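Thanks for coming. I will go through a few local features of one model, so please have the sequence and the structure open.

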Amino acid sequence: MAQSYDAIVVGAGVSGTATAYHLKKGGMKRVLLIDREPGVANGPTRDSAAVVRMHYSEPVLVRMAMESLDMFANMKELLGKDGGFKRKGWFLALPPDMVEAAERNITMQRGLGLKCGLLTERETAEKAPWLNTEGVGGLLYEPDSGYADPVQTTEAFHFAFENLGGESRFRTPCRSLTRDRNRITGIMLDDGPIEAGIVVNAAGPWSKFLAATAELELQLRAVREQDAIWQVRPNRPMPECSFSTAIEAAYCRALGDGRFILGLGYPKPYFDVDPYNYKRTMDDDFRMLAFEKNAKRLPNLEGAKFMSAYAALYDITPDFYPFVGPRAGLEGYADFCGGSGHGFKIAPGLSRHLSQWLLDGRTDDEFADLSYDRIAKGKRFGGLGGNRG
Ligand SMILES: Cc1cc2nc3c(=O)[nH]c(=O)nc-3n(C[C@H](O)[C@H](O)[C@H](O)COP(=O)(O)OP(=O)(O)OC[C@H]3O[C@@H](n4cnc5c(N)ncnc54)[C@H](O)[C@@H]3O)c2cc1C
């Protein structure tokens, strides 16, 4: 006889692991988390820059980012282990033509209780002495944001999940979903089927292939994303926080000990790849491009030493907002994928609301719009913040 669980979560990145934890915490009895890798956070989560900022133009994502921030900041008390969150602040340098849109976001975000705003010239000089302000229309600041350790965060959720009696299986590829008409009934492993009341597809860039095994459409692209690590020369002030520039479309994230992650922001070319077989090493032109764009704003990068670089994957949805939730007319299934390059910072909040939705059978209208059903409804999220600002 097939084994049976109340819920199976496929994918032990930050999204799946946090969902498994919240399902268990919410009272679900038998929850199984599986991943084909040897442990949690072995996919794109491991390579995340893990910048934690709140700036979105859609209130639902501001809410999710704020709830997540609360969890990042209190992880030790909530989960029993720290997720490596550092409350160092987040800065965004804006070109003059983006200031108005940012101000609209700030008004909405303050209404939701977020501390954020544009700095005056004096405040900029005080808080961001490392910034080349030439051509900057405004410097947005979120004092409570920062960055976390993506692996430690996922491990903390996993630790708490197992402490609550959740079960995990690693080195366990899910070969397919099993389906009976309008119901997903479980999953198929190499050693046979497992039944489940609900299967959560949190397989990151591979979610589309898993969905296809049950003839479910999932509009998701897998694209390469590169990051490089540089060591700055001693005694050169740099932002010991997360910094983005929408002028050059680049970002810099402190790693500690004078090391910084440098990456490119939107707009940039996105190269669609086969997530089962893609180039994991840096492209030659990326190294200097990411360096030069960042160095325009952060002149103290001059003379820095290149340390290493890597390429990982973004799972991108048509509107760059994630797919989270069950689908109308299909029982026993929920999507949780499409982080679109900004999925780490919102995963704790999204997973909590998704779990509540699956436990209660309902959610609020705003959150329900994150379901894949929005594709059929023609609903698209937009604006500044979803990695396109
Ligand atoms: C370089 C980079 C920088 C980033 N920077 C940031 C940032 O600064 N801030 C931010 O908020 N976000 C950032 N992101 C995005 C964020 O990291 C991701 O959105 C998030 O980590 C995705 O987590 P996930 O759990 O949804 O998926 P993943 O981490 O992709 O996990 C999916 C898991 O599913 C498993 N899996 C897949 N198929 C199967 C199968 N058939 N059977 C079993 N297991 C399977 C995989 O092994 C994998 O472990 C960045 C991403 C990258 C790549």
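P267 sits in the loop that runs between β15, residues 259-264, and α8, residues 284-297. This is a predicted model, so please keep that in mind throughout. The peptide bond leading from Y266 into P267 is cis, and its omega is near 0 degrees.

Next, the backbone at two other loop residues. R171 is not a glycine, yet its phi is positive, at about 50 degrees. You will find R171 between β8, residues 167-169, and β9, residues 176-180, in the loop there. Is R171 buried or exposed? R171 has 10 other C-beta atoms within 10 Å, and with 12 or fewer a residue counts as exposed, so R171 is exposed.

D257 is also a residue other than glycine with a positive phi, here near 55 degrees. D257 belongs to the loop between β14, residues 250-256, and β15. D257 has 7 C-beta neighbours inside 10 Å and therefore counts as exposed.

Now the helices. How far apart are the axes of α1 and α6? The axes of α1, residues 14-25, and α6, residues 150-163, are 8 Å apart, and the two helices pack at an angle of about 25 degrees. Angles under 35 degrees count as roughly parallel, so α1 and α6 are roughly parallel to each other. The crossing of α1 past α6 is left-handed. On the α1 side, the contact is made by V14, T17, A18, A20, Y21 and K24. On the α6 side, the residues are P150, T153, T154, F157, H158, A160 and F161. Sorted by class, this contact has eight nonpolar residues, four polar and one charged.

Methods
Residues numbered from 1 in each chain as written. Predicted model: local features only at pLDDT ≥ 70, side-chain atom pairs only at ≥ 80, totals over all residues. Axes fitted to C-alpha atoms, helices over the stretch in contact; angles between N-to-C directions. Helix = DSSP H or I, 4+ residues; strand = E, 2+ residues; numbered from the N terminus. Parallel < 35°, antiparallel > 145°, perpendicular 65-115°, else oblique. Left-handed = near helix turned anticlockwise from the far one by under 90°. Contact = placed C-beta atoms within 7 Å. Nonpolar A, V, L, I, M, F, W, Y, C, P; charged D, E, K, R; others polar. Buried ≥ 20, exposed ≤ 12 C-beta atoms within 10 Å, placed from the backbone.
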